[in-house]
Amino acid sequence: MTQKQKEMFREQELTEIGKAISEGGNGECLHEIMHNVLKDRTLSLVTEEEVEEMIRQDLEEQALDHGDWSTENGGIDV
């Protein structure tokens with residue numbers, strides 16, 4: 001596989017993971033979202049740490065959108 005093909009595959013994988021996070025992540029904790037996103041997926045070019053970071057960012061955005069700034073639900077520690 002060429003480097004360009006790897007990059008395209010990685011971008012596609014990131015897009016699919018992002019979609020799975022946005023569809024299944026409302027109000028759940030990080031661990032539950034990680035489980036739901038990864039249960040039917042084998043990561044190839046994306047690491048679990050990258051998926052975790054994507055989920056954390058999604059939770060932060062949800063907290064900002066809903067005015068929930070608590071760190072318990074993945075919000076921002078101010």
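This note goes through the fold, the salt bridges and the charged residues of a predicted model.

1. **Ground rules.** The model is predicted, so local features need pLDDT of at least 70 and side-chain atom pairs count only at pLDDT 80 or more, while totals for chains, interfaces and linings use all residues. Residues are numbered from 1 along each chain as its sequence is written, and side-chain values use heavy atoms, with hydrogens and water left out.

2. **Fold.** The protein has three helices and zero strands. Along the sequence the pattern reads α-α-α. Helices (H or I, at least four residues) and strands (E, at least two) are DSSP runs, numbered from the N terminus. H1 covers residues 3-24, and H3 covers residues 48-66.

3. Of the 78 residues in the protein, 22% are buried. Buried means under 20% relative accessible area, exposed over 50%, and partly exposed in between (1.4 Å probe, protein chains only). The accessible surface comes to about 5700 Å², and carbon and sulfur atoms hold 47% of that surface. These areas come from the Shrake-Rupley method with a 1.4 Å probe; for residues, only the protein chains shown count as cover. Take contacts between residues at least 6 apart in sequence: 52% of them join residues at least 24 apart. Contact means heavy atoms within 4.5 Å.

4. The rule is a side-chain nitrogen of Lys or Arg within 4 Å of a carboxyl oxygen of Asp or Glu. One of them pairs Glu50 with Arg10, with the closest N and O atoms 2.5 Å apart. Glu50 lies in helix H3 and Arg10 in helix H1, so this pair ties together parts that are 40 residues apart in sequence. Glu50 is partly exposed, at 25% relative accessible area. Arg10 is partly exposed too, at 25%.

5. Arg41 pairs with Glu16, and their closest N and O atoms are 3.5 Å apart. Arg41 sits in the loop between helix H2 (30-38) and H3, and Glu16 in helix H1, so the pair ties together parts that are 25 residues apart in sequence. Arg41 is partly exposed, at 24% relative accessibility. Glu16 is partly exposed, at 37%.

6. Arg56 and Glu52 form a salt bridge, the closest N and O atoms being 2.6 Å apart. The two are four residues apart in helix H3, about one helical turn. Arg56 has 39% relative accessibility and is partly exposed. Glu52 is partly exposed, at 27%.

7. **Glu13 deserves a look.** Glu13 lies in helix H1. Leaving aside neighbours within four places in sequence, Glu13 is in contact with Thr42, Leu43, Ser44, Leu45 and Val46.

8. Glu7 is partly exposed, with a relative accessible area of 45%.

9. **Negative patch.** Glu53, Glu60, Glu61 and Asp65 gather in a surface patch of negative charge. Patches are made of residues with over 30% relative accessible area and no salt bridge; like charges are joined within 9 Å, and nonpolar side chains (Val, Leu, Ile, Met, Phe, Trp, Tyr) within 5 Å. The place of a charge is taken as NZ of Lys, CZ of Arg, CG of Asp or CD of Glu. Glu61 is in helix H3.

Methods
Lys, Arg positive; Asp, Glu negative; His and termini not counted.
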